[in-house]
Each structure stands twice: as structure tokens, then as C-alpha cells.
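Here is a short briefing on one protein chain. Take a look at the model before reading on.

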Amino acid sequence: MQLKTQNKIKGPHIVEVLSNIKLSDDTWKLTFQNQEIAENAKPGQFVSILCEDLLLRRPFSVANTINNSFEIIYKVKGKGTKYLSSLRNGESADIIGPMGNGFTIENKNSLLIGCGVGIAPINFLSNILEKSGIKHSFVACSQTFINTGITENQVIITEDGSAGLEGRLDQHLKKIINEVKPEKIYTCGPNPAMAYVSLTAEKYEISVEAALERDFACGTGVCMGCVIQIKDNNKTINKRICKDGPVFRGNEVLWQCPI
Ligand SMILES: Cc1cc2nc3c(=O)[nH]c(=O)nc-3n(C[C@H](O)[C@H](O)[C@H](O)COP(=O)(O)OP(=O)(O)OC[C@H]3O[C@@H](n4cnc5c(N)ncnc54)[C@H](O)[C@@H]3O)c2cc1C
Ligand code: FES
């Protein structure tokens, strides 16, 4: 099955900030009001946010939609995310989206794995699978506990042992796969974690969809600044994460990172 490409630029929308809550030392959840984005966003898609006077918009996965509002979960990293953490209720933001190709939803027993702020699109997917009555389990791994407020149907793994199972994903994944017996895995997080999930799943012959989160420049498919290499039969081809992704099949990606 081919993952579909559907990447029209939608916006900009001037949206109102409903709340901006700190979830951990460096991780926040922003809720915006906008009916169009809330109605159209699919898990795995992203929005592109103008951060004050910065030339390049910053991309963030949609982490949930509720009625006419949508959420992002973000880690404060540089200027753009610092600006986002300064936004207060009632202020506005300039946002394009939803953009990119989201996850393919199938009626299969699914294992959802979100690492760090990769929890964001996985959280949205979990809510959609729940509403669709599709059996799924949610693994949330992070260095320290990120309190997203989700407690049901979730295995938490923290490296510092602040909640759930202590350790890294690779110390627990095989056991979880053996217990859950998933037919499909969805993942988002740092590349080494997604590479590990994809290679492990391949051994169990389980298909994986991975949402990639590398830095963007234009974010609209023009500059080729986000190219990754994909295996295509016996060839290697270039794909743009912003336009052709961000969701790719895990076994297609040439994971050029240490695991
Ligand atoms: C599809 C997608 C989804 C994502 N979802 C999330 C999410 O849900 N939560 C989350 O926390 N993060 C997410 N990210 C990562 C997030 O976009 C980055 O953390 C964010 O852009 C950091 O912005 P910053 O300004 O704070 O950091 P910076 O490190 O200052 O900037 C980030 C990037 O912006 C570009 N940039 C900055 N300055 C310049 C310059 N002067 N010239 C050229 N390029 C420049 C570069 O690409 C740089 O790497 C996602 C990324 C992608 C691609
Ligand atoms: S960021 Fe420019 S093509 Fe993807």
C-alpha cells in the first residue's frame, strides 16, 4: 500500500491561544482555537508556526484535537520554542496547516510508541484509534516523566525512573511486543529510537509507520533541505520529509544514525 501525498498549504490562520501549560522542566502543551485545523488534522500531520520575527516557520505535530481546538506538545530548544513558551491565553499565533501525510489507520492490533516529544502525534493517534474502537497499546518513553494527563492503556518508560518502568525503550521493547503481539507499530521520536523500533519490528515481521521530525527550512517541499534516503526495490531514492512525509514506512527508511 502506498502512503498518500496530500500537502496543500492551508493558511495562514491567525489562531487564538487557549492555554499554554508546562508539562515538565522543558516541555509544554499549547492549545489553540481554530475550527478548520481541528476538523481537518489527521494524526501524524503537522502545523507550521511563525515564531515572532524568525524567518523560518517551526513545524510541530498535532497532538490532539478537541471540538474547535487543537494541541501541540513541544520541547523548548531554541529561539522559536522559547517564543512559544512565552505565549499566554488570549494572544494569537500565525499557523499554517494541517500539513504533510499522516499515519494510515488500519483495523489492526496496534502498538503505539512515542519517545520524548514524539509522544505528541502518538497521543493524537491513540485518541483516534480509541474513538474508532481499534485495539491498541500506547508506550510513552522519555528521559524524565512528561505528564500528558494520559493514564489509561499506557505503558510509561522513563530513563530516570521518575514514573513507570525504569530504563530505555530497548530494554523493554521485545517483552512488550511479545505481550501485546501487535500486527502494526506506529512510532515517533528521535531517529535512533525509531530505527531501533523499525529493525526490531522487522525481525518479528511487523509493519511500522514512523513520523520523522528532522529540522525543516521551507517546510513546503521547495528547498530540498529535509531530504532523506528511502529504499525503493533495489534503488535508493530521495524523499522530502515535509512534502512526502513526515510519515514513512519504517523498513523503507535508510536510518543513517547510530542505534
Ligand atoms: C514534522 C515535524 C514535527 C515536529 N513535531 C514536534 C513536536 O510535536 N514537538 C516538538 O517539540 N518538536 C517537534 N518538532 C521539532 C521542532 O520543529 C523543533 O524542535 C523546532 O523547530 C525548534 O525550533 P527552535 O527555534 O526552538 O530551535 P532552533 O534549534 O533554534 O531552530 C530549529 C531549526 O530551525 C532552523 N533554523 C534556525 N535558525 C536558522 C537559521 N538562522 N538559518 C537556517 N535555519 C535555521 C534549522 O533548521 C534549525 O535546526 C517537529 C519537527 C518536524 C519536522
Ligand atoms: S524543508 Fe524545504 S523541502 Fe522540506
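Predicted model: local features only at pLDDT ≥ 70, side-chain atom pairs only at ≥ 80, totals over all residues.

Residues are numbered from 1 along each chain as its sequence is written, while chains are lettered from A and ligands numbered from 1 in the order in which they are written.

**Overall fold**
- The chain holds six helices and 16 strands. Helices (H or I, at least four residues) and strands (E, at least two) are DSSP runs, numbered from the N terminus.
- The C-alpha trace spans about 50 × 45 × 35 Å along its principal axes.
- Of the 259 residues, 41% count as buried. Buried means 20 or more other C-beta atoms within 10 Å of the residue's own, with C-beta atoms placed from the backbone.
- Among contacts with a separation of 6 or more, 65% join residues 24 or more positions apart. A contact needs C-beta atoms, placed from the backbone, within 7 Å.

- Seven strands form an open sheet in the order 11-10-9-8-12-13-16, with mixed pairing. Strands pair if DSSP finds at least two bridges between them.
- Its edges are strand 11 (165-166) and strand 16 (247-249), each pairing on one side only.
- Strand 8 (residues 110-115) runs parallel to strand 9 (residues 136-142), joined by six bridges. C115 has C141 as its bridge partner in strand 9.
- Helix 5 (residues 191-203) lies across strand 8, strand 12 (184-188) and strand 13 (207-211). Helix 5 runs at about 170 degrees to strand 13. Axes are lines fitted to C-alpha atoms, for helices over the stretch in contact, and angles run from 0 to 180 degrees between N-to-C directions.

**Strand 3 and its partners**
- Four of the five residues of strand 3 (residues 46-50) are buried.
- Strand 3 runs antiparallel to strand 4, with four bridges. F46 faces S61 in strand 4.
- Strand 3 also pairs antiparallel with strand 7 (residues 92-99) over four bridges. There, L50 stands opposite D94.

**Residue A63**
- A63 sits in the loop between strand 4 (58-61) and strand 5 (64-66).
- A63 counts as buried because it has 25 C-beta neighbours inside 10 Å.
- Leaving out residues up to four places away in sequence, A63 touches E71, I72, I73, A120, P121, N123 and F124.

Technical notes
Contact = placed C-beta atoms within 7 Å. Buried ≥ 20, exposed ≤ 12 C-beta atoms within 10 Å, placed from the backbone.
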